[in-house]
Amino acid sequence: MINAFYDRVEQDELLAPFFPGGVPVNHRRHVGDWWAEVFGGPDRYTREHGGYENMLAHHRNLAITAEQRLRFATLMSLAADDAALPDDPEFRAALIGYLEWGTRIAMSNSQPGAEPTEHAPVPHWGWGVAPPFRPGG
């Protein structure tokens, strides 16, 4: 999903300028580590990449606009389709819920003069409240 997302970003007029020359492989890996940790995988982003504070540092003073935030969320949703992630409605709702939550915080924290929370854990997101959707069942 992360590679599919950044492949789309590199072709996008609103988001590509954040990555002049393309999105490096190590950035893709680090973001993959972040997403894996957020959704219950290993805490590699925290252990190897500096956790929340490092993610915050990467967004400071980017001045992300509302339009860029929405495009990010939209391209990530499309990338989930590209990567053939499960289309279970509850899983997708959790994915989109995190996208909305995370992109709105990133946008706020990216504004010049923002005073974000400096220290926080990597968020943990999940699903599983409702049984998996089964068409016709």
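How do the axes of H1 and H5 cross, and within what distance do they come? Here are a few friendly notes on that and on the other helix packing in this predicted model.

1. **H1 against H5.** The two axes cross at roughly 130° and come within 8 Å. Angles over 145 degrees would count as roughly antiparallel, so H1 is oblique to H5. The crossing, in which H1 passes H5, is right-handed. From H1 the contact takes Ile2, Ala4, Phe5, Arg8 and Val9, and from H5 it takes Phe72, Leu75, Met76, Leu78, Ala79 and Asp82. By class, that gives nine nonpolar residues, two charged and no polar ones.

2. **H5 against H6.** Helix H5 spans residues 66–82, and helix H6 spans residues 89–109. Their axes lie 10 Å apart, at an angle of about 155°. H5 is therefore roughly antiparallel to H6, and the crossing of this pair is right-handed. On the H5 side you will find Ala66, Arg69, Phe72, Ala73, Met76, Ser77, Ala80 and Asp81; they meet Arg92, Leu95, Ile96, Leu99, Glu100, Thr103, Arg104 and Met107 of H6. The contact has nine nonpolar, two polar and five charged residues.

3. **H2 against H6.** Helix H2 (residues 25–38) packs on H6 at an angle of about 120°, with the axes 12 Å apart. H2 and H6 are therefore oblique to each other, and H2 passes H6 in a right-handed crossing. Trp34, Trp35 and Val38 of H2 make the contact with Leu95, Tyr98 and Leu99 of H6. These residues divide into six nonpolar, no polar and no charged.

4. **The core.** In soluble globular proteins, nonpolar side chains tend to be buried together. Here, the largest nonpolar core has 23 residues. Which of them touch the most other members? They are Ile2, Phe5, Tyr6, Val9, Trp34, Trp35 and Met76. Helix H1 (2–10), H2, H5 and H6 are the elements that give two or more residues to this core.

5. **Tyr6.** This core residue deserves a look of its own. Leaving aside neighbours within four places in sequence, Tyr6 is in contact with Phe19, Val23, His27, Arg28 and Val31.

Notes:
Residues are numbered from 1 along each chain as its sequence is written. This is a predicted model: local features need pLDDT of at least 70, side-chain atom pairs count only at pLDDT 80 or more; totals for chains, interfaces and linings use all residues. Side-chain values use heavy atoms; hydrogens and water are left out. Axes are lines fitted to C-alpha atoms, for helices over the stretch in contact, and angles run from 0 to 180 degrees between N-to-C directions. Helices (H or I, at least four residues) and strands (E, at least two) are DSSP runs, numbered from the N terminus. Angles under 35 degrees count as roughly parallel, over 145 as roughly antiparallel, 65 to 115 as roughly perpendicular and the rest as oblique. A crossing is left-handed if the near helix is turned anticlockwise from the far one by less than a right angle, and right-handed if clockwise. Contact means heavy atoms within 4.5 Å. Ala, Val, Leu, Ile, Met, Phe, Trp, Tyr, Cys and Pro count as nonpolar, Asp, Glu, Lys and Arg as charged, and the others, Gly among them, as polar. A nonpolar core is a set of buried Ala, Val, Leu, Ile, Met, Phe, Trp, Tyr and Cys residues joined through side-chain atoms within 4.5 Å. Buried means under 20% relative accessible area, exposed over 50%, partly exposed in between (1.4 Å probe, protein chains only).
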